[in-house]
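The model comes first, then the text.

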Amino acid sequence: ATRGKQVAENQLRGFTGTRVTDCLPNYKNLSGSHQICWAHITREAQENWRREMASKERKNLSKALATIYAALREATGQPEWHQPYADKIHRQVCRQVDRLTKQSWHDPACQRLSNRLIDFDQALFTCLTAPGIPPDNNQAERVLRKLVVQRKISGGNRSPTHAEHHAKLMSVIETLRLEKGDLLTNLQTILQQGMAAQLSGG
């Protein structure tokens, strides 16, 4: 598998939704809107701090980013969406990020994270512009983890074709799970519709 730019472009061609990704440069400037994963950013800041606990800069940056992430989770996790509240949080976190990116960081690890915030400035707070957009891709990673575990246990697929079929099946099954319906009934409906389409030549 690859996360190359061409693969991302092919998979997302014509996509009109919002992609939630880590900060890999290949995920920039693709179809649809973009939200970066704040879990990845805060995790990296925390790991940097753990590697050098005496660094005040790493500690302060880690805590500041965690505070922003918490505010985003709070705003997007409301039972009902309130755009005025989301706009208020948006103004608040924008000010916080502005302070962080204008600060002069002596620690290279802190400066790299600050530069990343600048580089992805258009994808920092898309989650506050409309309901249903999470500030992280945790849910997607939880779903993919099942596929990764299966691959480790089985040693992988025997051919690219098998791998493609496996991925499509997992995509359908996990999508149906997220829709909260009866899994077996929905699978049966999909299979019947597919068979009917084939028999009719559609």
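## Fold and dimensions

How many helices and strands does the secondary structure of the chain come to? The answer is eight helices and two strands. Both are DSSP runs numbered from the N terminus: helices are H or I with at least four residues, strands are E with at least two. Along the sequence the pattern reads α-β-β-α-α-α-α-α-α-α.

This is a predicted model, in which local features need pLDDT of at least 70, side-chain atom pairs count only at pLDDT 80 or more, and totals for chains, interfaces and linings use all residues. Residues are numbered from 1 along each chain as its sequence is written, and side-chain values use heavy atoms, with hydrogens and water left out.

The C-alpha atoms fill a box of roughly 65 × 45 × 30 Å along the principal axes. Of the 202 residues, 28% are buried. Buried means under 20% relative accessible area, exposed over 50%, and partly exposed in between (1.4 Å probe, protein chains only).

## Salt bridges

The whole structure holds five salt bridges. Each is a side-chain nitrogen of Lys or Arg within 4 Å of a carboxyl oxygen of Asp or Glu. One of them joins D119 and K28 at 3.0 Å, N to O. This pair links distant parts of the chain: D119 sits in helix 5 (residues 108-119), K28 in the loop between strand 1 (18-21) and strand 2 (33-36), 91 residues apart. D119 is partly exposed at 39% relative accessibility.

E44 pairs with R116, their closest N and O atoms being 2.5 Å apart. E44 lies in helix 2 (residues 38-51) and R116 in helix 5, 72 residues apart. Both ends are partly exposed: E44 at 24%, R116 at 23%.

## The site around D107

R58 and D107 form a salt bridge at 2.8 Å, N to O. R58 belongs to helix 3, and D107 to the loop between helix 4 (83-102) and helix 5, 49 residues apart. Both residues are buried. E52 joins R58 and D107 in a network of salt bridges.

Which residue's backbone nitrogen does the side chain of E57 reach? It is D107, at 2.8 Å. E57 is in helix 3 (residues 56-76). E57 is buried yet has no salt bridge; the nearest side chain of opposite charge is R58, 7.2 Å away. Leaving out residues up to four places away in sequence, E57 touches S104, W105, H106, D107 and C110. Contact here means heavy atoms within 4.5 Å.

Note on methods. Lys and Arg count as positive and Asp and Glu as negative; His and the chain ends are not counted. A polar contact is a pair of N or O atoms within 3.5 Å; within protein, one must be able to donate a hydrogen and the other to accept it, and residues adjacent in sequence count only if both atoms are side-chain atoms.
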